[in-house]
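Welcome! Please take a look at the sequence and the 3D structure below, and then let this short report guide you around.

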Amino acid sequence: MKKPADDSKVLFVTPEAIYPKTGGGALRSASIFEYLEAHHAVDAIAWRGDFAPIAIPGARDLLILDLPHHSRTDLARGVRNLRRVATGSPPLVDRFSGFDDRIAEWLQGRHYETALVEHFWCAPYARVLRPHVDRLVLDLHNVESALSAGRAASEPFPLSATFRRFASAFEDLEREWLPQFDDVLVASGADANRVDAARVSVYPNTIPYHDAPRTVPDHAIIFTGNLEYDPNIAAVRWFAREVWPLIRSEEPGLEWRLAGRNGHAVEEYTRGLDGIRLVGEMDDAVVEIARAKVAIIPLLAGSGTRFKILEAWAAARPVVSTTVGAEGLGATDGHQLLIADTPEQFARAVIRTVRDPGELGQHGRELYLERYTTEAGWKMLASLGL
């Protein structure tokens with residue numbers, strides 16, 4: 001798309017790098033940025049950790065804010081979470097706070113038609129941005145209170161108590177910050193029902209158009225994603241302990257592939273189990289999924305919608321998911337995917353689909369082409385006047 005001659009000015013604020021498009025957060029943010037950049041003159045504010053390279057091609061001007069070093073050891077994470085529990089400042093809100101003066105200084109003399117803020121963690125900067133913009137838009141990748149509540153329900157004590165504390169803290173902050181925005185974007189109708197804001201609109205998660213890979217699948221199932229992400233860890237733990245042994249007893253030759261970054265985070269749950277392979281990072285998730293017979297989504301907590309399902313549909317592969325994993329996509333159980341929530345149900349659904357995939361994958365691809373390509377999402381943004 002070519003920019004109009006009378007470009008309006010837009011400010012794009014993102015707490016994470018959007019390029020390369022690695023992970024659901026980057027995919028969603030990049031799709032919005034690319035739409036804005038095609039229609040407006042866009043400046044950007046972005047954070048980076050440990051002075052990592054960051055670039056947003058297409059941004060007219062870019063303010064980079066360097067985060068303090070953030071140790072990723074278990075001890076450091078434990079100390080941070082104890083502090084968060086004590087102070088009521090939930091994860092990542094504290095990480096991205098404290099840059100008000102830097103942003104205010106950079107904004108001097110600037111004015112924008114719209115400022116679009118990615119992620120709830122940066123919502124507090126509405127106060128700094130408001131004097132410089134006509135319209136403030138917040139893009140919620142997840143409703144953080146709902147995500148934390150789901151994790152509280154799926155984790156053992158004491159993690160369950162920690163996440164209940166975070167859910168309560170997020171609820172308080174959502175009541176305070178969401179009304180400061182003129183528009184709030186969410187990924188699904190389910191999330192729209194969780195948000196109390198003046199104007200809430202659904203901008204679905206989308207991925208670029210992919211041709212259906214012409215690949216003969218191996219005798220394998222696959223789970224994809226950032227394997228260090230807590231809900232993905234919980235999903236792998238549950239599937240490995242409760243479901244995989246049931247499947248292996250019926251399909252001893254079947255392989256379970258775990259594909260994505262940070263495979264070390266789930267090794268303790270897969271160690272010693274037969275038939276499991278860590279694939280590592282993927283050049284193309286759609287191509288990798290197409291090499292397996294079934295994509296599994298055994299998530300126990302979540303908000304938004306799952307990119308891993310969209311990628312499986314783009315690959316025309318059948319999906320077996322929990323109810324939580326399939327939330328918000330408008331898919332019909334038994335048509336575009338199978339839904340199962342107990343270990344026995346999930347194992348039966350996987351075995352059945354491995355043996356006879358039917359038309360699940362093709363029906364899923366049809367839904368992807370109808371609603372979940374980047375181009376389909378851009379039509380929604382245009383309808384919102386962005």
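## Before we start

Two residues are in contact when they have heavy atoms within 4.5 Å of each other. Helices (H or I, at least four residues) and strands (E, at least two) are DSSP runs, numbered from the N terminus.

This is a predicted model, in which local features need pLDDT of at least 70 and side-chain atom pairs count only at pLDDT 80 or more, while totals for chains, interfaces and linings use all residues. Residues are numbered from 1 along each chain as its sequence is written, and side-chain values use heavy atoms, with hydrogens and water left out.

Two packed helices are described by the angle between their axes and the distance between the axes. Here, axes are lines fitted to C-alpha atoms, for helices over the stretch in contact, and angles run from 0 to 180 degrees between N-to-C directions.

Helix 2 (residues 74–87) packs against helix 6 (residues 159–177) at an angle of about 50°, and their axes are 10 Å apart. That makes helix 2 oblique to helix 6; angles under 35 degrees count as roughly parallel, over 145 as roughly antiparallel, 65 to 115 as roughly perpendicular and the rest as oblique. The two helices cross in a left-handed way, a term used if the near helix is turned anticlockwise from the far one by less than a right angle. On the helix 2 side, Asn-81, Arg-84, Val-85, Ala-86 and Thr-87 meet Thr-162, Arg-165 and Phe-166 of helix 6.

Helix 6 has another partner in helix 5: their axes come within 8 Å and cross at roughly 165°. Helix 5 is therefore roughly antiparallel to helix 6, and this crossing is left-handed.

How many of the eleven residues of helix 5 are buried? Eight are, so helix 5 is largely enclosed by the rest of the structure. Buried means under 20% relative accessible area, exposed means over 50%, and partly exposed is in between (1.4 Å probe, protein chains only). The buried residues of helix 5 include Leu-147, Gly-150 and Ser-154, and its buried residues pack against helix 6 and helix 8.

## Salt bridges

Side chains of opposite charge can pair when their charged atoms come close. A salt bridge is a side-chain nitrogen of Lys or Arg within 4 Å of a carboxyl oxygen of Asp or Glu, and the whole structure has 25 of them.

Arg-151 makes one with Asp-230, with the closest N and O atoms 2.4 Å apart. This pair links distant parts of the chain, since Arg-151 is in helix 5 (residues 144–154) and Asp-230 is in helix 8 (residues 230–250), 79 residues apart. Arg-151 is buried at a relative accessible area of 11%, whereas Asp-230 is partly exposed at 34%. Another salt bridge joins Arg-28 and Asp-139 (2.7 Å, N to O). It brings together helix 1 (residues 24–39), which holds Arg-28, and strand 5 (residues 133–139), which holds Asp-139; the two residues are 111 apart in the chain. Both Arg-28 and Asp-139 are buried.

## A buried threonine

Is Thr-322 buried or exposed? Thr-322 counts as buried because its relative accessible area is 2%. You can find Thr-322 in the loop between strand 12 (319–321) and helix 12 (323–326). Its side chain reaches the backbone oxygen of Leu-299 at 2.5 Å. Beyond its neighbours within four places in sequence, Thr-322 is in contact with residues including Trp-238, Ile-297, Ile-339 and Phe-346.

## Details of the backbone

Two peptide bonds are worth a look. Another cis bond runs from Phe-157 to Pro-158, with omega near 10°, and Pro-158 is in the loop between helix 5 and helix 6.

Now for two phi values. Leu-92 is not a glycine, yet its phi is positive, about 75°. Leu-92 belongs to the loop between helix 2 and helix 3 (100–107) and is partly exposed at 29% relative accessibility. His-119 also has a positive phi, near 75°; His-119 is in the loop between strand 4 (112–118) and helix 4 (126–129) and is buried at 5% relative accessibility.

Methods
A polar contact is a pair of N or O atoms within 3.5 Å; within protein, one must be able to donate a hydrogen and the other to accept it, and residues adjacent in sequence count only if both atoms are side-chain atoms.
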